[in-house]
Amino acid sequence: MNLDQIMPTFIVESRELLEGFETRLLAVQGPIDDESVNALFRAIHTIKGSAGLFQLDHIVAFTHVLESVLDALRDGKLKPGAEFVALLLECGDHIGAQVGAIEAGQHGPDPALAAAEQPLLSRLRSHLALTAAAALTPIPVAAAPARDS
């Protein structure tokens with residue numbers, strides 16, 4: 001199988017998945033429902049897997065972090081607000097720009113996109129760090145009643 005022949009399919013499908021990703025995020029009014037969270041996760045997971053087939057490691061690396069954040073959201077470890085939704089929209093735009101660069105013939109990481117990616121990764125990782133910290137926070141134990149000696 002010649003991967004160059006099916007690259008246009010990857011580009012079209014990625015754009016369709018990103019369009020659905022954005023549409024779901026723009027429809028959020030309050031908490032994100034489970035069905036939407038699962039759809040967001042599946043879109044990014046599919047893009048990551050397809051990018052892996054083409055050895056587009058820069059896309060795989062970015063979507064892996066985003067997928068981890070979406071997995072934490074899916075597990076109820078994150079409670080997203082408007083700022084979180086805005087971050088997810090920015091990540092979708094970034095993946096779209098990466099796909100656009102591939103369509104333009106640049107199959108390796110674009111230096112400008114790689115630089116723009118770093119603040120996004122930092123913000124995504126801060127959400128992951130919060131979930132890890134919450135998992136390590138000890139659960140308070142009620143003090144035992146005093147005993148009379």
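Author: Arg-74 lies over the face of Phe-41, at 3.7 Å from the ring centre, where a charge counts as sitting over a ring if NZ of Lys or CZ of Arg is within 6 Å of the ring centre and within 35 degrees of the ring normal. This is a predicted model, in which local features need pLDDT of at least 70 and side-chain atom pairs count only at pLDDT 80 or more, while totals for chains, interfaces and linings use all residues. Residues are numbered from 1 along each chain as its sequence is written, and side-chain values use heavy atoms, with hydrogens and water left out.

As for rings facing rings, the structure holds one aromatic pair, formed by Phe-10 and Phe-54, whose centres are 5.3 Å apart and whose planes make an angle of 50 degrees, a tilted arrangement. Rings of Phe, Tyr and Trp (its six-membered ring) pair if their centres lie within 6.5 Å, and planes under 30 degrees apart count as stacked, over 60 as edge-to-face and the rest as tilted. The pair links distant parts of the chain, 44 residues apart, with Phe-10 in helix 1 (residues 3–26) and Phe-54 in the loop between helix 2 (34–53) and helix 3 (57–74); helices here are DSSP runs of H or I with at least four residues, and strands are runs of E with at least two, numbered from the N terminus. Both Phe-10 and Phe-54 are buried, that is, under 20% relative accessible area with a 1.4 Å probe and protein chains only.

How values were computed. Buried means under 20% relative accessible area, exposed over 50%, partly exposed in between (1.4 Å probe, protein chains only).
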